[in-house]
Each structure stands twice: as C-alpha cells, then as structure tokens.
Amino acid sequence: MGTMAADSALLLSLVEEYVSGLQDSKAKDTATGVRDGLFTVLQLVEALGLSLTSSQPHTRARGVQLLSEVLHECHGNLTEGEVEVLLAFYENRLKDHYVITPPVLQGLRALTKCTALPPGSAVSMLRSLFQDVHVQSLMLSERACVYNMLINLMESREAELKGLGADFVFGFVQSMDGERDPRNLLLAFQVANNIIHRGYDLGKFAEELFEVTSCYFPIDFSPPPNDPHGITKEELIQTLRDVLTGTPKFAEFLLPLIIEKLDSDVLSAKLDSLQTLTACVSRYEHKDLAEFLEGLWASLRREVFQTSSEKIEAAGLAALTAITSCLSRSVLTSDSEDSLCTFLELVLKDCKHHLCEPDLKLVWPSAKLLQAACSASNRASHIITAAVMPSLLEQYNSRTECSHRRTLLEVVQRFIQSVKGSQSREKEESVFVAFRPSLCSMVFSALTESNSSLQITATSVLTSLAQQTGLLLDSDVELAVDHLTRLLLMEEEERVSLAVVECAGALAELHPAAFITKLIPRLKKEMFSDPMDQDNNRVSSEQKSHHAVRQRCLSALAAVSTQPSVVQESTPVLMEVLSSAHAGSVAFSIEEVVLACRSLQRVAEQVKDTEETGRCFHDIIIPRLLSLALQAALQGDTSSGHLSPLLQESVLSAMVSVISTSCSRLQPMLAEQTALKVVSLFLSGDVSFLPDNSFPSNIQLLKHEGDSWSQSQMVCLLMGCVCSLPRSVEVPQMDQLLSELEEMSCSCSHQLSYTSAAKCFAGLVNKRPQGDDLDSLIQRTMKRVCNELDSASSSVCIQAFTLMIWVAKALLLRYHPLSTALTDKLFSLLDDADLGPMAADGFSLLMSDSADILSRGCHADVRIMYRQRFFSENSAKLVQGFNAAPQEKKPNYLKALSNIVNNLPKQVQITELPALLSLMLEALSCPDQDVQLSTLSCLEPVLADPPPALIRQLEALVNRLLNLTSSPAMNVRITSLRCIHAVSSFPEHEVLPFRARVLRALARPLDDNKRLVRRGAVQARGEWFLLGSPGGR
Amino acid sequence: MSGGSQLENANPVVFQRTGERLQTANDEDEDIHDPIDDREIFDILLSINDPEHPLSLEELNVVEQVRVKVNDAENIVGIEFTPTIPHCSMATLIGLSIKVKLLRSLPERFKIDVQITPGTHASEEAVNKQLADKERVAAALENSSLLEVVNQCLSSRSG
C-alpha cells in the first residue's frame, strides 16, 4: 500500500507540473508511468479531476491535452472498459469550449488506433464528430487529425462504417469541403479513394463527393522552394485522378468537366484532362460514355488537329484509343445501337476526307487519329481499315506526284503497324488480308519508282507486310527478292541501299529459302564479274560504281545471314572473295577485302548461336582465314610482283575481328580445340589443320628473324583467337606462349608485330588466375620494361613502353594490386623529355574501351567502375604533379587529365568536376590545341547540367571560352561555340550579366572563314539573344 | 495558340523539308575559305516557326532557297518570302522575324533586304515598306509584346 500511495503522489505531482507548471516534458513521464504500470489511465483521469472541471477553459484544455498525449503513447495497452469510459468522456468534451477541441481530437485520434475499440464506438465517435465539429474552422493540424481518424477507422472498422450508410460519405464531404492545404488534401483524397475503391455506399451523395473533390481539378500547385513536406504536383494529380476516375458513378459529372477543361489555355491542364480521360474510360462501360461521345470527340479532334505540343498530341491519341477500346468491350444487345460503330463513324466522318489531301497539314493528324482508334481493338481495326484502305489504295494509284504517293504509302504503313498491338493471337489472320493483292502491287510499284524517298518507304512497308501472317504469299516473297536484288545492283543512292539491305535482312529471317536460291547466287555472280577483264579502257567512274555494287552486295550478304541455312550459303561466297583477292584471280581492292571481312564478322555476331554455325566457323572459316594469311605471309618474303592484299594491316585487323568475334561465341569444346590448334601453329609450326596444305614444315611465326615482318605480324591473328576465348577455356602451353610473346614485344622492330604481341600478352595476363605465378610473371616483365625505359641508350624504348601500357591496362581492368606500380611509372614518365607526350596519350588508351581485346565481349576480366576507381585514386597525384612540374611539362599533365576525365561517365564527371575545375580552366588556356579540344569536349556534357562549382567560376569560364572562339584551329572554334551555346541555358540570373559581352564577342565568328564555325556561332548567338528577352527564355 | 480560337488557314499545304546540307571535304579543310552562299542563308531561315502553326517556314514554303540571294563580296542579302494566303494577317510579323533572325545571324557588313514575293499578298507594298524602314523595325522591336512573338518564332521548338 505504501508504494501505491507514493505512486498516486507522484501522479498528482506530474499532473500539477504539466497542467499548472506548463512543463510539457511531464507528459512523457506520465506516459512512462502508465506504460510501466505505476498507475492506470483511469487513475490519471481521476488525478486530472480538478483540472478537468476547472472553470478556466485553458486549464481544462491543458488537462485534456495531458490525457491525450498519454493516450497517444499508450493506446495499445487499454482495455475495452477503459476505452469505453474514455470515449464517453471525449465525445462529451466535443461540446465543450472551442479551445478544448484540439486536444480532444488528438485524444480521439489516439483512440481510433486502439485495438480494443468496443463495437459501435466507431459509429458513435463519428456521429459526434460530424455533429459537433465544423472541421474547416479548425487549424491545419486539427483538420489533419480528423482525416487521420477517418483513415484509421477505415482500416480497422470498415464494416461498422459501412453500416453508417451514406451518412458517412455525407459527413466526410462536409468535413473536407473547402480544404486548402495540400498536405491535408492528400489525406482527404486518400479517404475519398478508400470510399470509392472499397465499396462504401455513396447513396445520393455521389455528386456531392464528386463536387467536393473535383473542384481541385486540374491541380495547379507548385511547392514552395525548399519545401520541407516534399509534396509534389504529380503526387496530388495522381491521387486526385484515382478519386475522380475510380467509379463509373462519376461519369456523368466527370466527362462534361473534362470537356470543359480541355478548352483551357493552360498546357498542363489540357494534359491532365487528357490523361484523366484515358484513365477513367478504362473503368467505364459504353452506356456511361454514350451521351458525351460527340463532345469528347470534338475536343480530342481539336486538340490533335491544332496542338503544337507533341505531349498533348500523344495524350489525345491515347485517350482516343482508350475510348475506342472501352466501346469495343461493350456487349451488344439486340435492341441497343452499336456505340462503337456510331463513334467510329464520327471519327471517320471528320478524318477520312483529309486522307485524300496528302499535301495538306491535316493529313497526318487525321491519319494518327484513325490509327489510334484502329489500334484499340480487333473490331475497331476492321471497321476503320474497311473504311479507309480502299480509298487510300485508290488515291495511291490515281496520284502521280511522288511526294503525295510517299505520304499515302507512309500512312498505309502506319495503319499496318497500328493493328499489330490489337491482334490477340499471332497466327490470327491479319485484318489486311482482304487488301493483300492491292497492298502488294502498291509496294512493288513503289519499288520500281525512281524517287528514292518512295523506294525507302516502300521497303519499310514491305517489311511490315512480311511481319504479319498471311500478307505475303511465296510468290510475293520471290517477287520481293527480285525487286530487292535489282535495287541492290542498280540503285546508287546510299539511303536507298541502306533501306534495301535492312529490308532484305528482315525478310530473310522469315523466308530464308528465296534468298538462298535467288539473291545469294545473283550477288555472287555480280561481285566476281571483273570490269577490268572485259575492257581495259573503262572509265574510272564505272569502276567506282562497280566498287559500290560490290560494297552493297557484301553488306547485303551479311544482313541476310541470320538463319543458319543462309549462313551455310553466304559465308562461302565471302571466303571466296578473300581467296580470289589473295590469289589475284579477281581484282578486289583492299577496301573490298576489308568489307568482306566485316561482313563475315557481322555474320558471326548476329547468327543464331547453334552447334551448326559454331562448327562452320570452327571447321571452315577460322582455318581458312589462317591458311590464307599464312600463304600471303610466306609469299611476302619470296615473290615479287603481286603483293597479296592479305598482308595489309587493315585487312589483318579486319580478320582479327572475325576470328575474335567467332572465338568469343564458340561452345566450350570447340573453343578448346580451336585454341589447341592455333597455339600449336604459332609455337611449333603445326600446319596440319590448315586446308590447301602445301606449307613448309619449319615455320616459326613467333621467332622473327631479320625483316620477316610479313610472318611476325601474323601474331595479331593469334591474339584475335586466344584473347577472345571464354575464361573457362584453358589456353595450352601458356608459359611458353607468354615468354615468346614478351620476347617479341620487347625486341621486334615492326610496329604491328610488337604492338600485337604486347596486346596478346596483356590479354592473356588479364585472364590468368590470381596467384604467385601471375605476380612473379608481372614483376619479371615490369623489371625488364623499366630497365629499357630507364636506360638512355635503349633502342627498344617505344616497344617497352607499349608493353608496359597494355599490361598496365590488363591489370587495371581486373583491379590487380600490381597495376599501381605500372600506372605510377606512367605518371612519372609525364616528366620525361622524350616520352612525356606519349605517356599523356597513354592515359587515353588506359581509360577507353579497346576495340579488339580486353573487352567484356572477349570475356576479359573487366570490373565495373574501374575508371572511377582509377580516377579517385590518382587525381590528387595528377594535381600535385601538375603543380610541381616545370612550365614546359605542364601540358602533359593537362592532357593526361583530360584523357582521364573524358572517359569517365558523366555522373562521375559532374561530382568530380569541382575539385578539378581550376585545372580544367587552366587547360583551356594551355596553348596545346589537343589539350584545349579534349578539355572542351570534357566540359561540354557537364554544361548541360552545371554543378554549382562551375557557376561560381562563370567569369573565368566565359572569358576562356570566348577567347577560344578565335583559335587558329577550327575544331576548337566550333567546340568552344557549342560550349558557349550550352552556357546560355544556365540559370538566367547567373548568365544574364554576360549577355552583352557574349553577343559582342560572337559577332566576330559570324564572319568566320569556315561555314561550320559560322553555323555554331549563329546557333549560339541566337540563343543568347533570346536570353532575358520577352518570349525568349 | 489558344484552344478554342479559329485559325485563318487551318489546313495549309505542307511541303517536304530539304535534308541537311551535305558536308564536303572542303568544309573540313582549315585553309579553304567558305563563302556565305544562298543555301547557308536559307539554312538560317528554314527553322523559323510559323506564328500560327507548329510548322516551320520551310514546311509552309514561306521561304524557299530559290528566293534567297546573297552576294558575299558586295555584302548584300535579299530575301523574298511567300505568305500562305494573300490576306494573311501575319505577313508583317513573318517578315519581321526573318529580318531579325538575319540581323542576329549575319556579320554587320551585310545590307539585308526582306520583301514579299511579288504578287502573293494583298498589301504587298505596305508590308515591304515597313520592313525596309530601319526606324520602324527598330521601333517594332521596342514593343515588348511584338518582340515576344518574334522571339517565339525564333525559339527552337520544345515539348
């Protein structure tokens, strides 16, 4: 009993200190007491007795507040009996003086969270609330309190609230009517959403609920700067939209409202209206829409016909699609009219005739509207196409002007594409089947026109037709192949042949047979006809055109080779180009040979990955390529006269790509076999797997003696193979291979040979497993390289440098700890008198993706964000080095910096820029044009979204950029003008002070010698004029 | 453009745009002087927006390359533009936009002459006179609501 007395004394003192002493912290202490069981809530009510009955409203309010705050903390521990008493108390207090209302509401809100709420109490609480409180005369936070009570009760007492019937809706409508604060609106919309989506009875208050929410539509709200509440316009728009579109009961009110708001001049209001329309009709049935269809259509038509905004157009078209698909869903009864038909008749009446005016502006808006309706459902597409296709086809045949025909053709194509989405099953017959013969004859006639735009459009219509079931018969495909072949061989314009090649690729994937029997033999015949044989006096323009034909044939061969059956036929033709070129039996230019290799590579890239095609590359293509290259290499030393094109670096590089692409995609077993054969060819001269085998037995490709560069450069093919294999494939005789490659890279004098050897070495090192073997290999190589670089008299300095930089890259990519030693060496070389500029360029190689090896495509070990990591570890070093370097070496540092920064992702550039900004600005005034140019190209992307640090240095930036507009190098002038252009979109108040100076300075490049510079100046100056001017920006 | 208002010419003829000027090796050569030619002037004008339609003056055939004449050596530029309909009330505004665009884009040495294509507009003479009068052009640009419309015509199209 002693403790009880002590506790009640404690309680009394807490109450006293809170109520009279106004010590807010005592509420927490009291709550702790209740929670710890020192006293109960009812004891607290007792203790509060005097304050609660005080004649001073403020004292009463203070007393209630203490109770409410305690309930806020302890509502979880209350018993049903306690809750009942408290509720009766609170409901009664709602009738008290207005200053007491806020703490009463807080208390009630706490009680709504009670799990022990007795049955019926939710109803009685709300009845008292709606009866005694006028919500909108409360303060912001009390109004929020009411909404939160409703939300809480809707979560826990749904059945009970629904028992209130429409009274609940009415009470809520009255409570929120006139709410102005966006925070509270979000809560109120949430309540409204619950009412609508959880099936509360709206009774006769649907219109009231609509009125009280729709008065905020369309939402116009811009949050204050630095808004701490984080409420966005989008959030409000979305929640309100969910309310308005939530039930078809609102249809009769919402649709007229949307029609009215679409008349608004405010772009965002139109957009919101259109999007709301799209959202609501997905829940409606045709009867909800029926009486508004005409009005809606008139508004949509007007918006799409007249708008200048693509967003509005797209939203309008989406709304039309949504309405059409809503009408298409409706179930027809025998006596009701078909509202889809009626509606589409409206659309057709207003749009169809514009399709007959292909040179007028409204042809496209009309076509887009019809296509939007067409895409909504299968039925809609039948109705629309039946109505428009005959007249489009007839128009096409009766019009003679190419531009008209082209527009008609494009319109037709969009119709074909628009039905794609609405066809439910793939095998379903296309709605265009009825028009098949006319469509085909239209396309084929367009393909025979001489107008290139028409031809190009025809090829894409042809592709669209091929992609729909049943629109091209086999005979049509054959005819199409004939047309495509003819265009490939005859048509000179590049745009057309690109389109033809693309179309051939798409068709060959679906119909390979016709391409195998017709196209490939024809192209082969054409390529191997030799214009020189027939007539030596042919004019060079004809040779040029023959070259162009071959070029097109080669790229077409690649494009059609996606199906294995086609690859079996096309690759032998490409290989024959290489062998004939090597033998000199048919004259192919170096460029043509390179193109043949490119085509082979494309085939390797795009072909469906099957065992069959893997074998084709493993068994035939790779051995034949190696064999041809080896024949050429051996001949190179002996024969005079005809020098095989396969000795050319450009051809070899193209062959490397073929080998590398196909090796990287080989299945593991084939890959292992290929590796074995290729390594034994290079290490021990094993030529047994090569076709046309008449090679000598003593071949030693990695031992370069004298000037036999033709053999030593073949190491690049070795690289293409062993550096692209999947990492799981073990390369045989690795140690010997590495040591011979190292030797070659450090001693050979032929550039392609030593560079390829170094790259091959690096590619293997990159994939080698971590461990002591690898570490000691690297250390050995590093020692050798550093010895050469440090000795003043070394004759293989460049070779050593090349090996170093490639190994450094190989290690950097995989985060190998020893990479730092090599990159540090590179940093130190920036001060070197001879190698300094080369070292600066080396950073570009280090940071950029390399084309042939050390890429993810070649299965190299490339860690994500290695560039960022390298940058963050080394940028300080670079800045220090720059500051310490003598004046004449500084450009090396700036160049290294710009090489590194240029290759960083933009996001990183922006975050890192502040630290480097002064250095970059320094680089802009560095006399070296390369440094200027690469710094400008670093800066340019950053300017699109300038960090604050850059804005702080605006004066220096603008000055330097303006200076560079009179640089002697035109590229520098052009890029600096682009940068100045970009600066014009900085925050207006920051750049406005520079306007006059920039306009004056840009007057000079308007009269530049070079047109490209003038163009940049015109664009930049135009934007700066608009800055700060009415109607501008 | 306001939602409800009616356009003078709601469905004008739309012409195809010319492609980008093809670049030649000379364009890249630092040592060669590229003279300012007709096409270059046309390229400056073609992207000007029509005050009414979301279309460029090129698409409406208001400006055409054949109606652009420049003499780089003698510092003269002459433009003729063709309103879409003879009673087009926007003719002066379009002419003004062309003139302003050229003033902003060409070296000061040029004398710029903007006129309506003879026989294509009802008040041809009056418009030509206004456009030729330096003071009136300057005064028009002092009028901020007029300047606003001109600037809108010269802004790159957005959203």
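Modeller: Let us begin with a definition: helices (H or I, at least four residues) and strands (E, at least two) are DSSP runs, numbered from the N terminus. In chain B, the elements follow the order α-α-β-β-α-β-α-α-α from the N terminus on, which comprises 6 helices and 3 strands. This is a predicted model, in which local features need pLDDT of at least 70 and side-chain atom pairs count only at pLDDT 80 or more, while totals for chains, interfaces and linings use all residues. Residues are numbered from 1 along each chain as its sequence is written, chains are lettered from A and ligands numbered from 1 in the order in which they are written, and side-chain values use heavy atoms, with hydrogens and water left out.

Colleague: What radius of gyration does chain B have, and why does it agree with a compact globule?

Modeller: The radius of gyration is taken over C-alpha atoms, and the globule rule is 2.2 Å times the number of residues to the power 0.38. Chain B has 16 Å, which agrees because a compact globule of 159 residues would have a value near 15 Å. The C-alpha trace of chain B spans about 55 × 35 × 30 Å along its principal axes.

Colleague: How is the size of an interface expressed?

Modeller: It is often given as the accessible area lost when the parts come together. Buried area here is the accessible area (1.4 Å probe) that two parts lose on being put together, summed over both. Between chain A and chain B, about 3400 Å² is buried, and carbon and sulfur atoms give 46% of that area. In chain A, Q306(A), K361(A) and R1011(A) lose the most area to chain B, together 21% of what that side buries.

Colleague: How many residues are in contact between chain A and chain B?

Modeller: Contact means heavy atoms within 4.5 Å. By this rule, 40 residues of chain A touch 47 residues of chain B.

Colleague: How many salt bridges does the rule find across this interface?

Modeller: A salt bridge is a side-chain nitrogen of Lys or Arg within 4 Å of a carboxyl oxygen of Asp or Glu. The rule finds 6 salt bridges between chain A and chain B. R1011(A) and D27(B) form a salt bridge through their side chains (3.5 Å, N to O).

Colleague: Which helix of chain A gives the most residues to the side that touches chain B?

Modeller: That helix is α52(A), with 9 residues.
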